[in-house]
Each structure stands twice: as C-alpha cells, then as structure tokens.
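Colleague: Please put the model up, and I will ask about it piece by piece.

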Amino acid sequence: MLDHGITGEGLWTFWREWKPGIADALRDGWAPLRWCLFVTPSHGYTGRPITLEAVLANEDVLMPGRYPVRFRVSGPNGPVWEKRRTAVISKSRDGRYVPFAVPVLRTSVNLDGPSGVYELAADLEKGGAPAGDRLRFRLTRESELPRGNDVVTTWGIDQKVRRWLKTHGIKCRPFQNAPTHQPEVILVGQPSDVTHSAWLNLLHRIMRGGSAVFLRPQVFQRGEDTTFWLPLAKKGTCKPFNDWLYHKECVAKRHPVFDGLQAGGILDWDYYDQIIAHEMFECQDPPDETICAAFAAGYNCAGGYVSGIMMGRYSLGGGCFVLNTLNVLDHIDGHPAADRLLLNLIAYARGSTRKKPIGFLRRQEKQLQSFYGLP
C-alpha cells in the first residue's frame, strides 16, 4: 500500500494520500471481465502489416457459451477497419471451471489513412461489459519523411541502412575512400577495423571541421573498457540499465534532432518502443549540448538516483561529434521514429560542419594522443 524504501510501488504516498488515478488503474486492472488488447507494432507505417490481437480475461463472469464480438479500428478520419468474431467460452473437463484467458482475435491488417493516433475497440455485444476495451496506437505515412540531398561518409554501417538512405536522397561513401579535403558528415556504426591509426584518422577529420554521429555506444569499447575510444579527457563509462518494474525515464529536449517526433519531455515508451535503449553514458566530461538524458529518481539502489546521457554533442577542434545510445540502426525501415531520427541526425550534423576545413595544429595532435595514453 505504501511507498516503502523509495521504490514508488505503493498505492499511497508517504503522506497516506491516494496517488492520482490509482483507483481507476486498480478498477481497470483487476476487473473480473477484461479485454487484453495488443497492436504490434505500437508505432508503424500506414500500408504495412500490423498485428491486432484480443484476449478476453474471464474470471467466472461469462458462463460456457458463444458470445458475439465486434472489433473496429478508427483513425483521424473515422473507422478504417471492422471485423466480427465469436468468443467461445468452453467447458472445462471437470465441469467446475471455465478458461481464464480466451483468445478471440489475432489477425494481420494493412491500414491506409493519414498519420496520427488510431484506436482498436472491442465490443462484446451481449453477456457482459468488459473493461480495457480500447487501445490506442500510432501510424505514420512514409511519404511524410523529409527528403535529403546530401553525401555522407559511413564507417561500420550495414548495407541495408545504406540502401535505405539512398532511397531517401542520402548518398553514402565508405570511410576509407572518402576525400578528406572538405568537412564531412561521418556516420559511425560498429566498424570491424578499429585501430589506433583508423581512429586517429577519424578524429583528425572531425577536428578539421567535420561532424561525426556515433550510432552505437559499443563502438567505444575495447576489452572490458566501455569508453576506451571516447575522445574525452574524462571518459566515464557506458552502462546498461535494467529496465523492468523499476526503470529509468528518458527526457528529450525540443531540438532539431527530434523535429517531427514526440519530444520536449519524457519520451513515450509506446511511441518509441524498442528504440529506447538500456545503455547510457555516465560520469564523462559534460557535453556542450545535452539532447536526451535518462533519469531514475527514487530508484531502489545505493543513493536512490541514477542518471546519464543518451544523446549529446561535443566539440572537438573545429568540428563536433554526437554520442547516441538510442537503438536507431536496428529499426531502420521498420519504425518511423528510427527513420526520422536518422534523417534528422544527418541534417543536424551537416548544419554543424564548417564550410571550409581548418588547419590541424600540433597541440591538437598532442590532445588526441593524450586521450589514448600515447606519447
């Protein structure tokens, strides 16, 4: 009942006051007759398959029999899909108990309509009034993604992502063969050929006015050191956070990287789904610009508080680089938020490059060498 041990689990606050909305949540979650609705993915594209599923939780309310059900999906312009099914409550073998969970619907559909919020509704037409009969989800039209017109350098980015970028106006050239006489946007994934010379080459190109976007935090790891390659004096660590019953909240600024996306506060887990990562950077030099951060306040751990950087921009010489832990690459051409994030990151990085390269100074070379303990 109570928020013991700063866990936030209770129905009451420490002042024995009901938490806002808790009575409605209990009534809904403990209803003896309840719909359990699922839409996968919770944020997808119009015109692509999504899976609708409905299971009826029946705690001895409906007796054995056949019950008509109507399902409907409505979008910004009204109904877009409808289907009738029959919920069959069968008798148990011993004649005493009926099944608790009754699958009623599982189907794949393609929905066409404008971008926005859609809603799956389930209506049991006789026999009872189940709770949980509505579930909202989001669909996006792929044609609304911004169109690029750029050439970027890629290092450790797989072919699927490069092909997708090309179809959206972004040409890719390999890191090893790219010209270095002008500032460039460099997308860094998980290259297999990370050496001191290759990494210093990357940093030289940043310091001459380029912008690098690190799309996987694992790229900085060498052995057990999770941030060995991170070009900072104070490297800190990159740690996974165990998001389960206790979880962090991710907060994004209103920022060009999140243009056209849900941001300006706590990220919606249903909107971003698996793009929200477990990893975050901790105890580094602070970024010049924090774009997205993670917080676990009142957490059941030593000190009761954890925080870290999920996306931030650092200056380096005449250029800059962006750290990122969000799972962008794993969901390209599948999740609208991942696709938009990648296009936004490229546009933001291009806007951060210099128009002309700057000279490389000897003191900058010493700075780079000091990052990795080189003489």
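The questions below go from the overall build to single residues.

Colleague: What kind of model is this, and how are residues numbered?
Modeller: This is a predicted model, in which local features need pLDDT of at least 70, side-chain atom pairs count only at pLDDT 80 or more, and totals for chains, interfaces and linings use all residues. Side-chain values use heavy atoms, with hydrogens and water left out, and residues are numbered along each chain as its sequence is written, from 1.

Colleague: How many helices and strands does the protein have?
Modeller: Helices (H or I, at least four residues) and strands (E, at least two) are DSSP runs, numbered from the N terminus. The C-alpha atoms fill a box of roughly 85 × 50 × 35 Å along the principal axes. The count is six helices and 19 strands.

Colleague: What share of the 375 residues is buried?
Modeller: Buried means under 20% relative accessible area, exposed over 50%, and partly exposed in between (1.4 Å probe, protein chains only). By that cut-off, the buried share of the 375 residues is 46%.

Colleague: Among contacts between residues at least 6 apart in sequence, what share joins residues at least 24 apart?
Modeller: Contact means heavy atoms within 4.5 Å. For pairs at least 6 apart, the share that joins residues at least 24 apart is 66%.

Colleague: Which element gives the most to the largest nonpolar core?
Modeller: A nonpolar core is a set of buried Ala, Val, Leu, Ile, Met, Phe, Trp, Tyr and Cys residues joined through side-chain atoms within 4.5 Å. The largest has 48 residues, and Leu165, Leu187, Phe258, Tyr272 and Leu342 touch the most other members. Elements that supply at least two residues each include α2 (159-167), β11 (185-188), β17 (289-297) and α5 (336-352). The top contributor, with nine residues, is α5.

Colleague: How many residues are in the other core, which lies apart?
Modeller: Its members include Ile206, Leu232, Ile309 and Phe371.

Colleague: Which residues of α2 are buried, and on how wide an arc?
Modeller: The buried residues are Val161, Trp164 and Leu165. The arc is that of the directions from the helix axis to the C-beta atoms. They lie on the same side of α2 because they cover an arc of only 100°.

Colleague: Which elements do the buried residues of α2 pack against?
Modeller: Just after the helix, Gly169 takes a positive phi of about 85°. The packing partners of the buried α2 residues are β10 (170-174), β11 and α5.

Colleague: Which residue caps the N-terminal end of α2?
Modeller: A polar contact is a pair of N or O atoms within 3.5 Å; within protein, one must be able to donate a hydrogen and the other to accept it, and residues adjacent in sequence count only if both atoms are side-chain atoms. Here a side-chain oxygen lies 3.2 Å from the backbone nitrogen of Lys160. The capping residue is Asp158.

Colleague: Trp35 and Phe71 form an aromatic pair; what is its geometry?
Modeller: Rings of Phe, Tyr and Trp (its six-membered ring) pair if their centres lie within 6.5 Å; planes under 30 degrees apart count as stacked, over 60 as edge-to-face and the rest as tilted. The whole structure holds 15 such pairs. With 5.6 Å centre to centre and 70° between the planes, Trp35 and Phe71 are edge-to-face.

Colleague: How many residues apart are Trp155 and Trp199?
Modeller: These two rings are 5.9 Å apart, centre to centre, and tilted at 45°. Trp155 is in strand β9 (residues 150-155) and Trp199 in helix α3 (residues 196-207).

Colleague: Is Trp199 buried or exposed?
Modeller: Leaving aside neighbours within four places in sequence, Trp199 touches residues including Val194, Phe214, Phe220 and Tyr372. Ring pairs also link Trp199 into a cluster with others, among them Phe175, Trp229 and Phe321. Its relative accessible area is 0%, so Trp199 is buried.

Colleague: Which residue has its charged end over the ring of Phe228?
Modeller: A charge sits over a ring if NZ of Lys or CZ of Arg is within 6 Å of the ring centre and within 35 degrees of the ring normal. Here the charged end is 3.8 Å from the ring centre, and the residue is Arg222.
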